[in-house]
Amino acid sequence: MNKRKLVTICLASAMLLAQVTGCGQKNATEETPVQAQEASSGEASATEAKGNATAPTRENPLVLRIGTNHGSATAVVKGLHYAAELLEERSGGGLKLDIYSDGTLGDETSLRDQVSQGSLDMAALGAGVFGAYVNASNFPVSNYVWESREEMMEVLNGDLGRQYINDPVEQVSNIHVLYGWPQAARQLMTKEPVASLADISGMKIRVPAGNSLYVDTWNHYGALATSMSMNECYTALETGVIDGLEMPIDSLYSNGYYEVCKYLTMSDHMMYLQYLMINKDVFHQLSAQEQEILLNVIIDAEKLHTETLDASITEMVDDMVNNHGVTVVELTDMQAWMDATDEINQQWMDNWGQEVYDAFVP
């Protein structure tokens, strides 16, 4: 793992810690990035509506059901609600989005399978769910892969992502990938402090279900990896079934894990995409116009999702620290975590292939 990556990650953690310890209250009259996005999007939408969005794309509205395991307070779900507004407006009411959050329709793998089978139209799920279909999709969700969010977005939402992941996934699963939204870097939350690789030895750490790479990686770190649905995590922490878990900040916060875990380690171990996906047959039942509208809506809603996410991260960490007794921990041996990740990546090289590794890592 190169030094530039280590410096980049350490700087990111240092900046977040500085914001947490030194941030003050915002001026009540200050316009937030989300408010600015809503205002600008509203103006653009109003202009478009006058031009061509008044005519419905179809006589009888088509309601697309979309499921996600993310909580209603997360940036993902807020982004989906914004996408629903845009979709109805731009299709003249011809297309609508019906959102099911908080895992109400099932966990990550269940939602993926429902989209594949056609019993659910769409889903918003983390990139790791595709590992069961296409080996190449495992590598981008390995820990400590990307130099930056911008690099990840460019690669995975571009030609390389389509060539090695999206198109092969569609061929074997009947799932069409529309676009990927960035998630906050995944962090580690535990009942006991973890400041080094040695500290995690023997800890029972929850990892997402449906991808054995997560299990192999955290076992290699010395933990006892436990695959588990997000819906089960809070009770598992309360009862001692697990000692900690790793998720993006917004998921850690919105699910209230700070009530039973008091140590937040800023490991920044994974950046990844939240894929917006649709059943292939459903997608091809849409007219060319509707396909274009849906795709552009998902792309346009990403900006609000990401701005909402970025604006909320510092506030969430600040609240956990100041109001819920959480202690933020910095890793003292980041390079050791990266070296351990390189070792597991070499073990998985036959899975995703040297060609994929060379394509994604310049």
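Tutor: In this predicted model, Phe130 is buried, and Tyr275 is buried as well. The two rings have their centres 5.4 Å apart and their planes at 35°, so the pair counts as tilted. This pair joins distant parts of the chain, since Phe130 belongs to the loop between strand S3 (122–126) and helix H5 (149–156), while Tyr275 belongs to strand S10 (residues 273–279), 145 residues apart. The structure holds 11 aromatic pairs. A further contact of a ring, here with a charge, involves Arg112, whose charged end sits over the ring of Tyr133 at 5.0 Å from the ring centre.

The five strands form an open sheet in the order S2-S1-S3-S10-S4, and the pairing is mixed. At the edges stand strand S2 (95–100) and strand S4 (175–182), each with a single partner strand, so one side of each is left without a neighbour in the sheet. On average, and with direction ignored, neighbouring strands of this sheet are turned by 25° against each other. S4 and S10 are paired in the antiparallel sense over seven bridges. Within that pairing, Tyr179 has Leu276 in S10 as its bridge partner.

Two helices that pack on this sheet may be considered next. Helix H4 (residues 108–117) touches strand S1 (62–68), S3, S4 and S10, and the direction of H4 makes about 145° with that of S3. Helix H11 (residues 288–324) also packs on the sheet and touches S1, S2, S3, S4 and S10; the direction of H11 makes about 25° with that of S4.

Val115 lies in helix H4 and is buried, with a relative accessible area of 0%. Leaving aside neighbours within four places in sequence, Val115 is in contact with Leu120, Asp121, Met122, Ala123, Ile175, Ile278 and Asn279. The C-alpha atoms of Val115 and Gly67 are separated by 9.2 Å, although these residues are 48 residues apart along the chain.

The buried residues of H5 are Glu151, Met152, Met153, Val155 and Leu156. Their cover includes helix H6 (159–173), S4, S10, H11 and helix H14 (354–360), and S4 and S10 are also strands of the sheet described above. Glu151 has its place in helix H5. Is Glu151 buried or exposed? With a relative accessible area of 17%, against a limit of 20% for burial, Glu151 is buried. Apart from neighbours within four places in sequence, Glu151 is in contact with Trp146 and Pro362. Trp146 in turn is part of one aromatic cluster, which it forms with Phe139, Tyr164, Trp348, Trp352, Tyr357 and Phe360.

Trp337 touches Tyr144, Leu188, Val194, Ser196, Leu197, Ile200, Trp218, Tyr221 and Leu331, not counting residues up to four places away in sequence.

Strand S6 (residues 204–207) and strand S8 (residues 244–248) run parallel and are joined by two bridges; the bridge partner of Ile205 in S8 is Gly244.

Finally, the chain as a whole has 14 helices and 11 strands. Of its 362 residues, 54% count as buried. Among contacts between residues at least 6 apart in sequence, 78% join residues at least 24 apart.

Key. Residues numbered from 1 in each chain as written. Predicted model: local features only at pLDDT ≥ 70, side-chain atom pairs only at ≥ 80, totals over all residues. Heavy atoms only, no water. Phe/Tyr/Trp six-rings, centres within 6.5 Å; stacked < 30°, edge-to-face > 60°. Helix = DSSP H or I, 4+ residues; strand = E, 2+ residues; numbered from the N terminus. Buried < 20%, exposed > 50% of the residue type's maximum accessible area, 1.4 Å probe, protein only. Lys NZ or Arg CZ within 6 Å of the ring centre and 35° of its normal. Pairing = 2+ DSSP bridges. Axes fitted to C-alpha atoms, helices over the stretch in contact; angles between N-to-C directions. Contact = heavy atoms within 4.5 Å.
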